[in-house]
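Here is a walk through one chain, taken a piece at a time. Keep the model open beside you and follow along.

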Amino acid sequence: MPRKIYVVASGNNSVNWDTTKTAIKNNAASFADGFKDFGAGVEEYVTCPGCDRDLPLLLFHLDHIRAQARYTQTNLGLLGQAHFVVLDTIFNRQTEARIAATGGYVTIETGSKYYPKKGIVQSAEIWRNDLRNLQFLCSICNSSKGDRDWETWGKSEVDTRPLARRWKEQNAVDMAM
Ligand SMILES: [Zn+2]
């Protein structure tokens, strides 16, 4: 059974890389492994899952665990609404989000059924912004990995440190399928 897809939707219910990156940056403390002073004052740090280096979170790259090219093969329409979790930009689950996926597009609708807020997003953007497929990787590991899958790159197991797992742990949200 496919795992759930977690995306961050902007105010008009679009999903795009800028919104995802900004939301992660603005909620950096939720994803950090802790706080350290590397010489520029106390800041969030992350331990790179590829090389175990502790570095300031600001220096990390957002890596796609499964390379995007191989992650867009599934027709999202086949997964059904239950496989999507839509979060707002502060990572609150949008409980009223209604999802429909057809013909390469996904419609995300929130608000009341009479006054809905509707965003139409290309399926490729959903795959690209799926939080469970993202992790922090230092620049050295990221350029070494290139466009290979995390698993193929082979330094660790897939899903070692995806962002959404961290988010889930801290919010105790049931992600059972
Ligand atoms: Zn690294």
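For reference, a residue is buried if 20 or more other C-beta atoms lie within 10 Å of its own, exposed if 12 or fewer, and partly exposed in between, with C-beta atoms placed from the backbone. You'll find Ala40 in the loop between β2 and β3. Pro56 sits 16 residues away from Ala40 in sequence, and their C-alpha atoms are 9.8 Å apart in space.

A bit of housekeeping: what you're looking at is a predicted model, where local features need pLDDT of at least 70 and side-chain atom pairs count only at pLDDT 80 or more, while totals for chains, interfaces and linings use all residues. Residues are numbered from 1 along each chain as its sequence is written.

Strands here are DSSP runs of E, at least two residues long, and helices are runs of H or I with at least four, numbered from the N terminus. Two strands pair if DSSP finds at least two bridges between them; β3 (residues 42-47) and β4 have three, in the antiparallel sense. Val46 has Leu55 in β4 as its bridge partner.

Now find the other three-strand open sheet, β7-β8-β9, again with antiparallel pairing. Its edge strands, β7 (98-102) and β9 (116-122), each pair on one side only. Neighbouring strands in this sheet are turned by 15 degrees against each other on average, direction ignored. Five bridges join β7 to β8 (residues 105-111) in the antiparallel sense, and Thr102 has Tyr105 in β8 as its bridge partner.

For a parallel pairing, go to β1, which meets β6 (residues 84-87) over four bridges. Val8 is bridged to Leu87 in β6. Look along β1 (residues 5-8): Ile5 and Val7 point one way, Tyr6 and Val8 the other, and all are buried. In a regular strand, side chains alternate between the two faces of the sheet.

Over to a helix: Asn142 is found in α5 (residues 139-145). Is Asn142 buried, exposed or partly exposed? It is partly exposed, because 18 other C-beta atoms lie within 10 Å. Not counting residues up to four places away in sequence, Asn142 touches His61, Asp63 and Leu137, where contact means C-beta atoms, placed from the backbone, within 7 Å. Asn142 and Cys48 are 94 residues apart in sequence, but 10.0 Å apart in space, C-alpha to C-alpha.

Stepping back, the chain has seven helices and 10 strands, and 29% of its 177 residues are buried. Of the contacts with a separation of 6 or more, 64% join residues 24 or more positions apart.

How far does the predictor trust all this? Mean pLDDT (its confidence in each residue, from 0 to 100) is 84, and 85% of residues reach 70 or more. Confidence is highest in β2, at 96, and lowest in helix α7 (residues 163-171), at a mean of 63. Over residues 173-177 pLDDT stays under 50, and the model has seven contacts beyond four places in sequence for them.

Technical notes
Contact = placed C-beta atoms within 7 Å. Axes fitted to C-alpha atoms, helices over the stretch in contact; angles between N-to-C directions. pLDDT = per-residue confidence, 0-100.
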